[in-house]
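Please keep the sequence and the structure in view while reading.

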Amino acid sequence: MAAGIVAWGAYIPYFRLDRAAIGATLGNAAGKGTRAVASYDEDTTSMAVEAGRAALAMAGGADDIGSLSFTTSAPSYLDKTNATAIHAALGLRSCVPAYDLGGSVRSAFAAMARGQQLSAAGGRPIVTLSDIRTGLPGGADERDGGDAAAAFVFAATDAVAEVVAVAHQTEEFLDRWRVPGAPASGQWEERFGEHAYAPLGEAAVTDALKAAGLTATELDHVIVTGPHARASRRVAGAIGARPEAYAPDLGAVIGNTGAAHLGVAVVEVVERAEPGQTILVLSLADGADAVILRTTAALPAAQAAVAADRRLAGQIAGGRTDLAYATFLTWREMLHREPPRRPDPVPPAAPPTRRRDGWKYGFNASRCDVCGTRHLPPARVCVNCRAQDQMTPERLADVPATVATFTIDRLAFSLSPPVVAAVLDFDGGGRFSCEMTDLDPSEVKIGLRVQMTFRKLYTADGIHNYFWKAKPLRSADEGSK
Amino acid sequence: MASNGIRDRVAIVGMGCTPFGEHWDKSVDDLLIDAAGDAVASAGVKLDDVDAFWLGTMGSGISGLTLSRPLKIDYKPVTRIENMCATGSEAFRNACYAVASGAIDLAMAIGAEKLKDGGFSGLTISSPPSDGTAAQLTAPALFSFLAPAYAKKYGVDEAEMKDVLTRIAWKNHRNGALNPRAQFKREVAKEVICNSPIVAGPLGIFDCSGVSDGSAAAIICRAEDAYKYTDKPIFVKALSFVAGPAAGPLDPTYDFTTFTEVVRSGGDAYAQAGITDPRAELAMAEVHDCFTPTELVLMEDLGFAERGFAWKEVLAGTFDLDGELPVNPDGGLKSFGHPIGASGLRMLFECWTQLRQEAGERQIKSVVEGGRKLALTHNLGGQPGECVSFVSVVGSEPAA
């Protein structure tokens, strides 16, 4: 009954940029395949919430989670903790700590290691990894990067894998860097990074295999991730594992998702691995971190608990690939477009936001104790029976809804006009009007089945306005009804 | 409804209304001075004869000083009123009550709005600090929910619905073409309306009322004093205003084909005025045609058409200037734009003009020949399911 990962969730955003679209605009060779793109209304915080919701759904809820961590190389706030918004949106208890861990890709391994350690000590943490990878137009980071998030719940027992061995190598050298606030990272000559990483990665793997008492050919799965693609390929080759053991690097479809990539790669393997298999995970980021895991008998039951629409393979294969490069540049604020002749968005104010954070972040409606009517947003006086102050909060973030009617607003401000708005009727009662996202305006229709998703509505005066939107339910078993 | 009303206890004895439009060369002060001046001149009184003032403006100034400062009013009560798109009508309603109470002999209700100094497309409303969760939809988007809902409920197909909405805009522009005070003083071809660029849902630019500046004012006295000021006073028959519980956005049974607030305020107003068949008794109605589907739904909510039949009546011309019940004979919000504080009083100005048979080319025949002596004004502010509504009935004959 090992301590470790008991539940997971990956989140790959809906949009893909076809690399050919970059080349078509800029006239250079931009390579093949696609990269995942966070929508205009997503950031690393909102994507971490989506991955976290998937992990919690698999883990059986948020009630017994004991801590939260959030790791990204692209935090939406500095100085202010981002994990507190994730904590609120996931509906964790107020006694649960929430921390941002680091601002580099290497921090992802540290966050996972901390999750493992906390669970070994009897805790039940949730670890979230999320990243948006940007680069200057036409560059390798823009082309080869990707946006995604992953989350893991660790527990003291029933882990799907136990830790067999760990090994590390650290060295200070200048491969890539970013000054806070800069739109893209700088990188030293590619061959220098390869030269620096190769011995570190090889040493970490050698030490880990030795500690585990394994040879490379005995490994069932090998994951090598890191921001330096060439170094990762070289070290992977040097490990000498069986060819079929190497996990796909996912770069051709979603790109290299930075601090999230380690997590996404682990999800990819655990969703298809079998009990009793060994997994080497090597993170090459400002050094080398290696861990060897052995899957347990708990794995098949966990795999069966993954909701159909949350499976990584489906998320990778799904998605929309016709995103225009100009739209991508606009979303990443590389292209400043003329705004409509409307007032600028107003930032949310701190006191009303705090008073209503159960609604704004937790999507908690209120249900009348007298007549059962649901109110979105929560109300003190019942619209149906007028009973006052007899309401019970009720989280509706995970309750599906049906579009009662809709409109397409071509005048309202949006980074991605037109705004699609819908009037929703929730399963089990309750009506609410909100924006829709991750759909083409032609897709919306009366009767469309939708689910809620946590988004960043806009940023004004440097303040991010987070709230929930609706997006189509696209899982196999949930069509429109 | 426990609304007693003040039927025939007060009368309008003078009115003024500026041209509506893009008044780049006029401030809100200028508009107020012009409308107030026209109103007192119309009543044959001086500004100093007016005992108290009610000023309606949503965003062109705060407090009574917005009126007293430019007009140099000498130490009189000036109340500034805001009630969204019913702001001008609310200034009128409250002035009427003050006169009916006996506290005031002569009151002015005046409304003004200066929208074109803002530099934005469409209306903008600034809200108090919030948690940022309220949907940021524009007014055309909110009202665009009406058209598909109505069409679905009553089996009107998309093309027919487009014809209905087009005809409403066409009719109002046709009326406005005859009105020298209108912002748009020209007819617009149905093809132009129908093919105008889409703003929200099925609504094109010509389904939306415009943005303009303007001001209008009324002088009000007790009914028994009315003939001291004019041979043709207009008597207040009914005033009704309701604010709804904003139930629509919460209520899954709300279907976007009616404004309950309008049904309630209309019923109250008819009861006050003793009207049982508004379509047969009214000479005309000025209604809040902020968007074409709004006017369509209002025809049913105000009892001018049976439920589900307003679209046919629109196509049949029932509400045309020469139809059975002319609606928006002055051209409506469609031709005037919607300077919020002024619109309700602008509607009243058309009732005043028509019932006194001073409307010239637009004169409604039933007033002259058919003996119809009652007119209705209506405003609503907010959105379907969550709004305020005002209905007044005025008439040219005093109490029997």
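## Terms and conventions

Two residues are said to be in contact if their C-beta atoms, placed from the backbone, lie within 7 Å. Axes are lines fitted to C-alpha atoms, for helices over the stretch in contact, and angles run from 0 to 180 degrees between N-to-C directions. Helices (H or I, at least four residues) and strands (E, at least two) are DSSP runs, numbered from the N terminus. Two strands pair if DSSP finds at least two bridges between them.

The model is predicted: local features need pLDDT of at least 70 and side-chain atom pairs count only at pLDDT 80 or more, while totals for chains, interfaces and linings use all residues. Residues are numbered from 1 along each chain as its sequence is written, and chains are lettered from A and ligands numbered from 1 in the order in which they are written.

## The five-stranded sheet of chain A

In chain A, five strands form an open sheet with mixed pairing, in the order β1-β7-β6-β4-β5. At the edges stand β1 (4-11) and β5 (98-100) of chain A; each has a single partner strand, so one side of each is left without a neighbour in the sheet. From one strand to the next, the twist averages 15°.

Strand β4 (residues 67-71) of chain A pairs with β5(A) in the parallel sense over three bridges. Within β5(A), D100(A) is the residue that stands opposite F70(A). Helix α4 (residues 107-120) of chain A lies across β1, β4, β6 (125-131) and β7 (148-155) of chain A, and runs at about 170° to β6(A).

## The four-stranded sheet of chain A

Another open sheet in chain A has four strands in the order β8-β13-β12-β11, again with mixed pairing. Its edge strands, β8 (161-169) and β11 (221-225) of chain A, each pair on one side only. Here the twist averages 15° from one strand to the next.

β11(A) runs parallel to strand β12 (residues 278-284) of chain A, and five bridges join them. H221(A) stands opposite I279(A) in β12(A). Helix α6 (residues 190-212) of chain A packs on this sheet and touches β8, β12 and β13 (288-295) of chain A; the direction of α6 makes about 140° with that of β8(A).

## Two domains in chain A

Chain A is divided into domain 1 (4-331) and domain 2 (398-481), with bounds that come from an automatic or database domain assignment. The centres of the two domains, taken over C-alpha atoms, are separated by 28 Å.

Contacts link 20 residues of domain 1 of chain A with 17 residues of domain 2 of chain A. On the domain 1 side, α2 (44-59), α3 (83-90) and α11 (325-331) of chain A are the elements that give two or more residues. The most come from α2(A), which gives five residues.

## A buried strand in chain B

A residue is buried if 20 or more other C-beta atoms lie within 10 Å of its own, exposed if 12 or fewer, and partly exposed in between, with C-beta atoms placed from the backbone. Nine of the 10 residues of strand β8 (residues 234-243) of chain B are buried, so this strand is largely enclosed by the rest of the structure.

β8(B) pairs with strand β1 (residues 10-17) of chain B in the antiparallel sense over two bridges; there, F235(B) is the bridge partner of A11(B). Eight bridges join β8(B) to strand β11 (residues 386-395) of chain B, and these strands run antiparallel.
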